[in-house]
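The following explanation leads through a protein model, from the chain as a whole to individual residues. Please keep the sequence and the structure in view while reading.

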Amino acid sequence: WLLSFNTHQELFKGIKEVESNKQRILLDNLISLSQRLSKEDSLIHYLKVKALNQSPLIKDGDKHKALILLLDQFEANREYQTSLQFYSVFVKEGIKNTEYPEYYQIHFRAALIAEKSGDFDLTIELLNRSFEHAVRILGHQERFIKIAQRILLLTEAHQPGEAEFAVLAKIRSIFERNSNLEQLARTDLIVAQKYQKSGANDEAIKAYKRSLENYRKTGNDAQASQILILLTNLEGGDSEEKLDRLIALEATLENTTQEEDLIKTRVEIGNYYKQRDDLKKAESYYLKAYKTSSTGLSLIAIEAGYFGALASAKKGDLDRSDEILNEIITIETMPENQRIIGESFHALAKNSNAKGSYAKARHLVDQAIGLEIDELQNDFELTRCAILINQQDFKEALNASMGLLNRSLQPDKKVLATIYAVKSHIGMQDYTKALEYAEQGQRLLGDSGFSEKHVEILSLKVRTYRLTGDLSQALEIEE
């Protein structure tokens, strides 16, 4: 390898601009050989040559990759300022096409380095560059929403006040321009809460009303009702006074025939206690709401019963939870209540799984799946994977997890399906595949922080390496 490296160096000596495919291959080989031989200075040199080369034979995407490798190298050595300096040079001399669609990633990568260096003002500036480029060139809302959320978090922590509202105004204008009413409503809700927190109640009320209007337009009645309560209770008093008002409202409604309003109020009191982790009182009010009607169960009453069952399960009373859920699943399935009945079958399956009654859990989750509620199918089938693994039916669990991975899943659900694939492969003693999917899970999580899922994947890797007898790798990951 050393002889090959020296020969390549001789052949590439004096070349500044790549003029042929042969020279391009020489440069790529020099980068690979520098990595293999751990020649850090040479690696940095040749990565710079590639990243800044203006030859038409080196595509913008290849320059981008070279830049990322170079920034990784600097970052590994904690040379944050050197890394940021080269980023500035690259922006001027590297990819000169400002319409390069992945430029937002370059700015975002530099922002992460600036954040590590402790320069939060520069971090926010670079994130803004990334955000503006993503919006202008890509128009991919999912991508720029994540960037905007990061800007907002940093702004809130390091530039609180007017700067926060400026960021939110920018985000809001994009959603408004794209007629994304759900995200527009959510943004206005954040604005309202920030105004309310700062004591600017008049501005908070305006933002709450905008949010309410858009949630109503999207048909999100649950969120709209929550905002209505926030609006009702905004003026006068702290959270205890809010509870006092709700309890007084309950007492008033008990003397009327307004059962639906009474149920809603009791649910809201249950929500109040749930938010404060007082599960006993939350359960009590949800079940009180569930039993309110004297003429038959409405959808909101059924939902209250379901919330009560969840509270029972969360505080450890699985039998009480099952009792309520079994009542709900006996209700005649109608289009308007099909979702809550499906969720009740699902909750029963999770309760049975927690009790170790895996065959019963499997039967219950299959009934939930059989209702064919599109927006819940992935959740139901993920629970089915967990049950199959507990049953040690690893082949079926693998088929189920692979079926999920072939769908378009939300990132957190895709990670969970990948974890189930890893567990299934371990159960089937296919350790190579288990490690392959563990690596895939780590890539999906990316640099999103060190979550429970990170820990779970690393733990599965440790277990797999131990099973293969590779104790050094297992120990390294454990440490």
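How many of the 479 residues of the protein chain, as a percentage, count as buried? The answer is 45% of the 479 residues. The model under discussion is a predicted one, and every value given here is to be read accordingly.

The overall architecture comes first. The secondary structure of the protein chain consists of 25 helices and zero strands. Taken along the principal axes, the box filled by its C-alpha atoms is roughly 95 × 60 × 35 Å. The chain exposes about 25100 Å², and 48% of that area is supplied by carbon and sulfur atoms. When contacts between residues at least 6 apart in sequence are considered, 52% of them join residues at least 24 apart.

Across the whole structure, a search finds six aromatic pairs. In one of them, Phe165 and Tyr195 have ring centres 4.3 Å apart and ring planes at 20 degrees; planes under 30 degrees apart count as stacked, so this pair is a stacked one. Phe165 belongs to helix 9 (residues 162-177) and Tyr195 to helix 10 (residues 181-198), and the pair therefore ties together parts that are 30 residues apart in sequence. Phe165 has a relative accessible area of 17% and is buried, because buried means under 20%.

Another pair has an edge-to-face arrangement: the rings of Tyr272 and Tyr273 are 5.4 Å apart from centre to centre, with 85 degrees between their planes. Both Tyr272 and Tyr273 are buried. Together with Tyr285, these two tyrosines form one aromatic cluster.

Leu67 is located in helix 4 (residues 60-76). With a relative accessible area of 0%, Leu67 is buried. Residues up to four places away in sequence being left out, Leu67 touches Ala51, Phe86, Phe90 and Ile106. Leu67 can also be related to Leu52: the two residues are 15 apart in sequence, and their C-alpha atoms are 8.8 Å apart in space.

Ser211 is part of helix 11 (residues 201-218). Its relative accessibility is 0%, and Ser211 accordingly counts as buried. Which residues does Ser211 touch, not counting residues up to four places away in sequence? They are Ala185, Asp188, Leu189 and Ile227.

Asn351 sits in helix 18 (residues 338-355). Is Asn351 buried or exposed? Its relative accessible area is 6%, so Asn351 is buried. Apart from neighbours within four places in sequence, Asn351 is in contact with Ala313, Leu318, Ser321, Asp322 and Leu325. Of these contacts, Asp322 lies 29 residues from Asn351 along the chain, and the C-alpha atoms of the two are separated by 7.4 Å.

The last stop is at two loop residues with positive phi values. Arg78 is placed in the loop between helix 4 and helix 5 (80-93). Its phi is positive, at about 60 degrees, although Arg78 is not a glycine. Arg78 counts as exposed because its relative accessibility is 64%, and exposed means over 50%. Gln429 occupies the loop between helix 22 (411-427) and helix 23 (431-445). The phi of Gln429 is near 65 degrees, again a positive value in a residue other than glycine. Gln429 has a relative accessible area of 59% and is therefore exposed.

Definitions and conventions:
Residues are numbered from 1 along each chain as its sequence is written. This is a predicted model: local features need pLDDT of at least 70, side-chain atom pairs count only at pLDDT 80 or more; totals for chains, interfaces and linings use all residues. Side-chain values use heavy atoms; hydrogens and water are left out. Rings of Phe, Tyr and Trp (its six-membered ring) pair if their centres lie within 6.5 Å; planes under 30 degrees apart count as stacked, over 60 as edge-to-face and the rest as tilted. Helices (H or I, at least four residues) and strands (E, at least two) are DSSP runs, numbered from the N terminus. Buried means under 20% relative accessible area, exposed over 50%, partly exposed in between (1.4 Å probe, protein chains only). Contact means heavy atoms within 4.5 Å. Accessible areas come from the Shrake-Rupley method with a 1.4 Å probe; for residues, only the protein chains shown count as cover.
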